[in-house]
Amino acid sequence: MTIVLRLTLAASAIVLTFLAGPVRAADTDVVAKVGASEITEGDLSAAQNEIGAQFQQLPEEQRRLAVLSALIDIQALAQEAEKAKLQDEPAVASEIEFQRDRALHNAFFAKNGVATVTEDQMKARYDAEIGAMPATEEVHARHILVKTKEEAEAAIKRLDEGADFATVAQEMSTGPSGPEGGDLGFFSAGQMVPAFETAAFALEPGQYTKEPVETQFGWHVIRVEEKRQAEPPSYDQVKEQVRQVVLREKYMELVRDARAELTVEYVDPALKQQIEAIEGAMEPAPAEAPPTE
């Protein structure tokens, strides 16, 4: 469907999966201690969002324990790294700062973007997309697929003499739809190879091609059963895609407002030129959207 294509955001899709299990205790409750450090329910929940997918094959309770065990391993080596002063190394310090900024970025978007999306906003956007959709025609067709032009002409001759199309298709067609009388169901423009599609849409209901149609699959005789205007997908069918569109627009609005308060300066003129060219060609997208319910 057209709306599905328009709402697909391949280059900047927002991740909307929430992996944490049921709440068992307050986030501040301590579940384990590693040396002088404590692991709280909040820490465990955050870890489940980050690494829980690695243990999806386990039952829920075992998955929680596996994440906790992995978190203890992380804490143990992190403490060893601190003893070795690795946090003072430039590369490590930059990574720590980046992870901090990313967490704040995600938290801000979760509170000021994700949490503000309403059902009414999503339905309004859906209605706007549906209203902008052009009318789309669908064709219900059958076909007889054979290997040679001569066979296709023989099928047309039988049809001209009054033979039933479905019966001829069952007897002659080599395609997978042959046993069903050549029935292809409904299809819209762009779903069939060009030569087949052109011939099918040129026919009126009840008509069949008087000349064989050649494609890379062989020779076709096509009959149109019915034409209709395609129904747009329902709101429920594309609800999550609409939600992603609304979220992306909110994200872009937040970014624009935040950047307007700041001065961004590029030290390298060549880099500045490249960035401005890219930003002029595409809208900003989330570096990483936070997990949401």
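In the predicted model, Arg-63 is in contact (heavy atoms within 4.5 Å) with Gly-52, Phe-55, Gln-56 and Leu-58, its neighbours within four places in sequence being left aside. Arg-63 belongs to helix H3, residues 60-83, where helices (H or I, at least four residues) and strands (E, at least two) are DSSP runs numbered from the N terminus. Arg-63 is buried yet has no salt bridge, and the nearest side chain of opposite charge, that of Glu-60, is 5.2 Å away. Here buried means under 20% relative accessible area, with a 1.4 Å probe and protein chains only, Lys and Arg count as positive and Asp and Glu as negative, His and the chain ends not being counted, and a salt bridge is a side-chain nitrogen of Lys or Arg within 4 Å of a carboxyl oxygen of Asp or Glu.

Residues are numbered from 1 along each chain as its sequence is written. The model is predicted, with pLDDT of at least 70 needed for local features and 80 or more for side-chain atom pairs, while totals for chains, interfaces and linings use all residues, and side-chain values use heavy atoms, without hydrogens and water.

Strands E1 (residues 30-34) and E2 (residues 37-40) pair in the antiparallel sense over 4 bridges, pairing requiring at least two bridges found by DSSP. These strands form a hairpin with 2 residues between them, and Gly-35 in the turn has a positive phi of about 65 degrees.

An open antiparallel sheet is formed by 4 strands in the order E4-E3-E6-E5, and its edge strands, E4 (183-188) and E5 (213-215), each pair on one side only. Within this sheet, Arg-142 stands opposite Asp-183 in E4.

Note on methods:
Buried means under 20% relative accessible area, exposed over 50%, partly exposed in between (1.4 Å probe, protein chains only).
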